[in-house]
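I opened the notebook to go through this model step by step. The entries follow the order in which I looked things up.

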Amino acid sequence: MAAAAAEAEEPAAERDGEEEGEEKRPGEAERAATEPRREQLFDLIVETFLAKVEEAGSYQRFAGCYSRLYRTQPELIKCIYKQFISQLQTCFREEIQELKQEGNLEVLFGTLDKLVEGAKERETPAWRPSGIPEEDVRSAVVPYLLKQRTFLQKALKGKEEANAKLAEAVLAGRQRITDLQQEIQKRQAEWQAIAREGREIADSLEELQ
């Protein structure tokens, strides 16, 4: 009976633990807020590497390389080792900091964090290579070329419309010039007719005198 009661209590305790674990399980937003940024991960990797270097070059190994001096002056060896490790870590951190500044890594890491966060909100799956270079290149280049073709077609249509308007304007200008020439010829003919009539009248008046 006692064993059966213990077995009955044990699943209940497990269920209670599961419920508590579910209550304590953080949500997506909380996990996103607690996830380290890539710059922090990079710094953590650097610090881990330095720790591994210090572990690989331990004081015992360093002292073993100078065993005779260590037997006579162990404190000196210890002081040299501390200075060596400190200088090595300082130089390494300075080099890494220079690389971060030259490569603008802080901004790039921030941009990468934003891209990852934006990718989490995507409803459609992201593009993945198929493993066949020809198809991958075609799938990446063809949409770009189609987009460029559409852009060029729109630009060409705009140019053709502009050229058509210019051609209409040129034709209208030529027609205006033709009309002006005809008007000038008409006025010239009228003036010539008036001049002839004037001369004829003058001639007839002279004959009457």
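**Confidence.** I started with pLDDT, since this is a predicted model. The protein chain averages 79, and 81% of the residues score at least 70. Where pLDDT is low, the predicted coordinates should not be read in detail.

**Overall build.** I looked up the secondary structure next. The protein chain has 8 helices and 0 strands. Read along the sequence, the pattern is α-α-α-α-α-α-α-α. I noted that 8% of the 209 residues count as buried. The protein chain exposes about 18300 Å², and carbon and sulfur atoms supply 57% of that area. For contacts, I took residues at least 6 apart in sequence. Of these contacts, 55% join residues at least 24 apart.

How many salt bridges does the structure hold? I found 6. Side chains of opposite charge can pair when their charged atoms come close.

I took Lys100 and Glu39 to begin with. Their side chains meet in a salt bridge, at 3.6 Å from N to O. Lys100 lies in helix α6 and Glu39 in helix α3 (residues 38–56), so the pair ties together parts that are 61 residues apart in sequence. Are these two partners buried or exposed? Lys100 is buried, at 6% relative accessibility. Glu39 is buried as well, at 15%.

I turned to Arg93 and Glu47. They form a salt bridge, with the closest N and O atoms 2.9 Å apart. This pair also links distant parts of the chain: Arg93 is in helix α6 and Glu47 in helix α3, 46 residues apart. Arg93 is partly exposed, with a relative accessible area of 34%. Glu47 counts as partly exposed too, at 37%.

**A salt bridge within one helix.** I moved on to helix α8, which holds Arg187 and Glu183. Their side chains meet in a salt bridge at 3.1 Å, N to O. The two are 4 residues apart in helix α8, so about one helical turn separates them. Arg187 is partly exposed, with a relative accessible area of 46%. Glu183 is partly exposed at 34%.

I then checked for shared partners. Salt bridges that share partners join Arg37, Glu39, Asp43 and Lys100 into one network. Lys100 and Glu39, the buried pair I noted above, both belong to this network.

**Gln89.** I looked up one more residue of helix α6 (residues 74–102), namely Gln89. Gln89 is buried, with a relative accessible area of 17%. That value is under the 20% cut-off, which is why Gln89 counts as buried. What does Gln89 touch, leaving out residues up to four places away in sequence? I found Leu50 and Glu54.

**Cysteines.** A disulfide is a covalent bond between the sulfur atoms of two cysteines. I searched for disulfides and the structure holds 0. I then looked at the accessibility of two cysteines. Cys79 is partly exposed, with a relative accessible area of 38%. Cys91 is partly exposed, at 33%.

**Nonpolar surface.** I looked for a nonpolar surface patch. Which residues make it? Tyr66, Leu69, Leu76 and Ile80 do, over about 320 Å². I followed up on Leu69, which is found in helix α5 (residues 67–72). Leu69 counts as partly exposed, at 32% relative accessibility.

**Backbone at Asn104.** My last entry is on phi. Most residues other than glycine have a negative phi, and most peptide bonds are trans. Asn104 is not a glycine, yet it has a positive phi of about 55 degrees. Where is Asn104 placed? I found Asn104 in the loop between α6 and α7 (105–120). Asn104 is partly exposed, with a relative accessible area of 40%.

How values were computed: Residues are numbered from 1 along each chain as its sequence is written. This is a predicted model: local features need pLDDT of at least 70, side-chain atom pairs count only at pLDDT 80 or more; totals for chains, interfaces and linings use all residues. Side-chain values use heavy atoms; hydrogens and water are left out. Patches are made of residues with over 30% relative accessible area and no salt bridge: like charges are joined within 9 Å, nonpolar side chains (Val, Leu, Ile, Met, Phe, Trp, Tyr) within 5 Å. Accessible areas come from the Shrake-Rupley method with a 1.4 Å probe; for residues, only the protein chains shown count as cover. A salt bridge is a side-chain nitrogen of Lys or Arg within 4 Å of a carboxyl oxygen of Asp or Glu. Buried means under 20% relative accessible area, exposed over 50%, partly exposed in between (1.4 Å probe, protein chains only). A disulfide is a pair of cysteine sulfur atoms within 2.5 Å. pLDDT is the predictor's confidence in each residue, from 0 to 100. Contact means heavy atoms within 4.5 Å.
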